[in-house]
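Hello,

Here is the structure for your files. My notes follow it.

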Amino acid sequence: MGERDELLEAATDALVVFLRRSVPRTAETVSSLGLTLHQFRALVILYAEDGCTTTDLADAVGVHPSVATGIVQRMVQRGLFERHEDPIDRRIRRLTLTPMGRELAGEVVGDARVQRRRQLEALDDAQLEQARGLLETMLEGLDKARAEV
């Protein structure tokens, strides 16, 4: 294994450990809301991208569209999501958060931001600037990979 491969492996391992250690708090939040992890992710995704389709949501959550349909149905029944006809193409249904869904998602996103901020407080200003730049580059890489698919 070359030096770059070793560095990539070490960075990947560190990122996985960091994410794994930060998940228990998220799991507690999900459980306290009475949501499955997929429902939780769908709520947060719709908060960020209100008006997406079930297919878009399936891609973002990482599930088959038939699974996403079930997630959406349960969230509609709980009064968190609504389906609306697309004004341009009546065959398409757009998903939006209800006021209750938006309030819940706002609380969840706010809690997650507080957690991430606490985690980032371990960094000094120069490290924060570097981390921000690295994350922006990683996001660009994700966008590029998605565009290639």
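Helix α6 (125-148) gives the most to the lining of the largest pocket, with 11 residues. This is a predicted model, in which local features need pLDDT of at least 70 and side-chain atom pairs count only at pLDDT 80 or more, while totals for chains, interfaces and linings use all residues. Residues are numbered from 1 along each chain as its sequence is written, and side-chain values use heavy atoms, with hydrogens and water left out.

Pocket first. Its volume is about 2000 Å³. (A pocket is an open set of points on a 1 Å grid over the protein atoms alone, where a 1.4 Å probe fits, with protein on both sides within 12 Å along at least five of seven lines; lining residues have an atom within 4 Å of a point. The volume is the space filled by probe spheres set on the points, which are joined across faces, edges and corners.) The largest pocket is lined by 38 residues. Leu 15, Phe 18, Leu 19, Arg 116 and Leu 135 lie nearest its centre. At least two lining residues come from each of α1 (3-33), α2, α5 and α6. By class, the lining has 22 nonpolar, 7 polar and 9 charged residues. (Ala, Val, Leu, Ile, Met, Phe, Trp, Tyr, Cys and Pro count as nonpolar, Asp, Glu, Lys and Arg as charged, and the others, Gly among them, as polar.)

Now the fold. The chain has 6 helices and 2 strands, in the order α-α-α-α-β-β-α-α. (Both are DSSP runs numbered from the N terminus: helices are H or I, at least four residues; strands are E, at least two.) The C-alpha atoms fill a box of roughly 55 × 35 × 25 Å along the principal axes.

Next, the packing of α2.

- α2 (residues 37-48) and α5 (residues 99-120): the axes come within 9 Å and cross at roughly 100°. (Axes are lines fitted to C-alpha atoms, for helices over the stretch in contact; angles run from 0 to 180 degrees between N-to-C directions.) That makes α2 roughly perpendicular to α5 (65 to 115 degrees). Phe 40, Leu 43, Val 44 and Tyr 47 of α2 are among the residues in contact (heavy atoms within 4.5 Å). The contact holds 8 nonpolar, 2 polar and 1 charged residues.
- α2 and α3 (residues 54-61): these axes come within 10 Å and cross at roughly 115°. His 38, Arg 41, Ala 42 and Ile 45 in α2 meet Leu 57, Ala 60 and Val 61 in α3.
- α2 and α4 (residues 65-77): the angle is about 75°, with axes 10 Å apart. So α2 is roughly perpendicular to α4. His 38, Gln 39, Ala 42 and Leu 43 in α2 meet Ile 71, Arg 74 and Met 75 in α4.

Best wishes

Definitions and conventions. Angles under 35 degrees count as roughly parallel, over 145 as roughly antiparallel, 65 to 115 as roughly perpendicular and the rest as oblique.
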